[in-house]
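Please read this briefing alongside the sequence and the coordinates.

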Amino acid sequence: MYSEKVMDHFQNPRNMGEMENASGIGTAGNAKCGDIMRIYLDIDHSGRIREAKFKTFGCGAAVAASSMATELLKGKTVQEALEVTNKAVMEALDGLPPVKVHCSLLAEEAIHAALWDYGERNGIVIRGLEKPLKDMP
């Protein structure tokens, strides 16, 4: 049912935890299944992501998607981070079962919310980024 990569990122999550003084924080949730994902970004003065962390309340696939998303973000510019889509997360995990695709969508939404937060804090407009539809607490 789950790929080896999904199981590895679930059992050995990378970059789990909160981040003090994050440059941007984004939260996404799915009321249907109860998953909540928060992404923290540390972005340097040149707009490159130095560090990414996550805190997720949810199923194993949500934890794995969060872990993989943070791995994919590290070292990217803010603009390149927009390319870390739900499809990119799923491909990096060697797929997710159809009923768990929403977990990769949460990762994309949380990334976009964190980038939006970074832009708002710094007065920066990120080309191609739209304001998140809903804010999560």
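The model is predicted. Its open sheet has three strands in the order 1-2-3, paired in antiparallel fashion, and helix 2 packs on that sheet, while helix 5 lies across strand 1 and strand 2.

**The sheet**

- Strand 1 (24-30) and strand 3 (49-57) stand at the edges with a single partner strand each, so one side of each is left without a neighbour in the sheet.
- From one strand to the next, the twist averages 15°.
- Strand 2 (residues 35-43) and strand 3 run antiparallel and are joined by eight bridges, and D42 stands opposite E51 in strand 3.

**Helices on the sheet**

- Helix 2 touches strand 2 and strand 3, and its direction makes about 175° with that of strand 3.
- Helix 5, which lies across strand 1 and strand 2, runs at about 150° to strand 1.

**Helix 2 with helix 5**

- Helix 2 (residues 60-73) packs against helix 5 (residues 101-122) at an angle of about 45°, and their axes are 8 Å apart.
- That angle makes helix 2 oblique to helix 5, and the crossing of the two helices is right-handed.
- On the helix 2 side the contact is formed by A61, A62, A65, A69 and L73, which meet C103, S104, A107 and I111 in helix 5.
- Sorted by class, the residues of this contact between helix 2 and helix 5 comprise eight nonpolar, one polar and no charged.

**Helix 1 with helix 2**

- Helix 1 (residues 4-11) packs with helix 2 at an angle of about 90°, with the two axes 8 Å apart.
- Helix 1 and helix 2 are therefore roughly perpendicular to each other, since angles of 65 to 115 degrees count as such.
- The contact of helix 1 with helix 2 divides by class into five nonpolar, three polar and one charged residues.

**Length and end of helix 5**

- With 22 residues at 1.5 Å a residue, helix 5 should span 32 Å, and this agrees with its end C-alpha atoms, which are 32 Å apart.

Terms used
Residues numbered from 1 in each chain as written. Predicted model: local features only at pLDDT ≥ 70, side-chain atom pairs only at ≥ 80, totals over all residues. Heavy atoms only, no water. Axes fitted to C-alpha atoms, helices over the stretch in contact; angles between N-to-C directions. Helix = DSSP H or I, 4+ residues; strand = E, 2+ residues; numbered from the N terminus. Parallel < 35°, antiparallel > 145°, perpendicular 65-115°, else oblique. Left-handed = near helix turned anticlockwise from the far one by under 90°. Contact = heavy atoms within 4.5 Å. Nonpolar A, V, L, I, M, F, W, Y, C, P; charged D, E, K, R; others polar. Expected span 1.5 Å × (residues − 1). Pairing = 2+ DSSP bridges.
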